[in-house]
Amino acid sequence: MNHLVIFASGSGSNFQSIIDNIQSGRLDAKITGLITNRDQIGAISIAKLNGIPYQVINKKDFSNSKEYEESLLVQCRNWDAHYLICAGYLNKIPDLLIEHYDRRILNIHPSLLPKYGGKGFYGIHVHTSVIEHGETVSGCTIHLVSSNYDEGPILAQESVEVDPEDTPHSLAAKVLAIEHSLYPKTIQNYIHQLIQTS
Ligand code: GRF
């Protein structure tokens, strides 16, 4: 069984869609835990409702980065993680995890990377920028996580039209809707492909 540890900082709608796809048999995996950097978020409620263990790990609770990074790694190991799935996680994934889970950390970003990616491009800021630049197409990207924000190899992308009447919020909702089907499908395909080639 493929063990996924989810990293999330927000409402957790992608986390929920991954749970739904596992329950319906479209994604052959088990979520063994949720790591978050924030208390009282939707993702934690989802974990509780589904009996998934969770841990809040916040950099500012540690005296140095080494202890913080090691605590993330220990938690992933305790949950026997095979893949780390970032689903709206707003902290940078430390290099220690990238080394240990080489090519096994995935992220979803709400734009067609490399456009509108990198530091500062998160949440509604991405969609505001897309609209300000007069783009007629946007979308989402699933990629492997590397040391630089939003720069790892791209696994999948899907686009949506940006209509003249779209606001950042309406565009965010459109993009989120396609994220919910593309992310579980891409995780399934990617895991399957890695198993075939290993
Ligand atoms: C999504 O738009 C995702 O692309 C981005 O953060 C948002 C997370 O939304 N990385 P949710 O918490 O899954 O609802």
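Colleague: Which elements each supply at least two residues of the lining of the largest pocket?
Modeller: In this predicted model, they are α1 (13-23), β5 (105-109), α5 (124-132) and α6 (168-197).

Colleague: And which of them gives the largest share of that lining?
Modeller: That is α6, with 4 residues.

Colleague: What is the volume of the largest pocket?
Modeller: Its volume is about 910 Å³. The lining comprises 37 residues, and the closest to the pocket centre are Gly 88, Tyr 89, Leu 90, Tyr 122 and Gly 123.

Colleague: How do the lining residues divide by class?
Modeller: There are 18 polar, 15 nonpolar and 4 charged residues in the lining of the largest pocket.

Colleague: Which residues are around the ligand?
Modeller: They are Gly 10, Ser 11, Gly 12, Ser 13, Asn 14, Gly 88, Ile 108, His 109, Pro 110, Leu 176 and Glu 179. By class, this shell holds 7 polar, 3 nonpolar and 1 charged residues.

Colleague: What lies 2.9 Å from a nitrogen atom of the ligand?
Modeller: A backbone N or O atom of Ile 108 is found at that distance. As for ligand oxygen, one such atom is 2.8 Å from a polar backbone atom of Gly 12, and a ligand oxygen is also 2.8 Å from a polar backbone atom of Asn 14.

Colleague: How much of the ligand does the protein bury?
Modeller: The protein buries 82% of the 370 Å² that the ligand exposes when taken alone.

How values were computed. Residues numbered from 1 in each chain as written. Predicted model: local features only at pLDDT ≥ 70, side-chain atom pairs only at ≥ 80, totals over all residues. Heavy atoms only, no water. 1 Å grid on protein atoms, 1.4 Å probe; cavity = no way out; pocket = protein on both sides within 12 Å on 5 of 7 lines; lining within 4 Å. Points joined across faces, edges and corners; volume = space filled by probe spheres on them. Nonpolar A, V, L, I, M, F, W, Y, C, P; charged D, E, K, R; others polar. Near = heavy atom within 4 Å. Polar contact = N/O pair within 3.5 Å; in protein donor to acceptor, adjacent residues only side chain to side chain. Areas by Shrake-Rupley, 256 points an atom, 1.4 Å probe, with all protein chains shown as cover.
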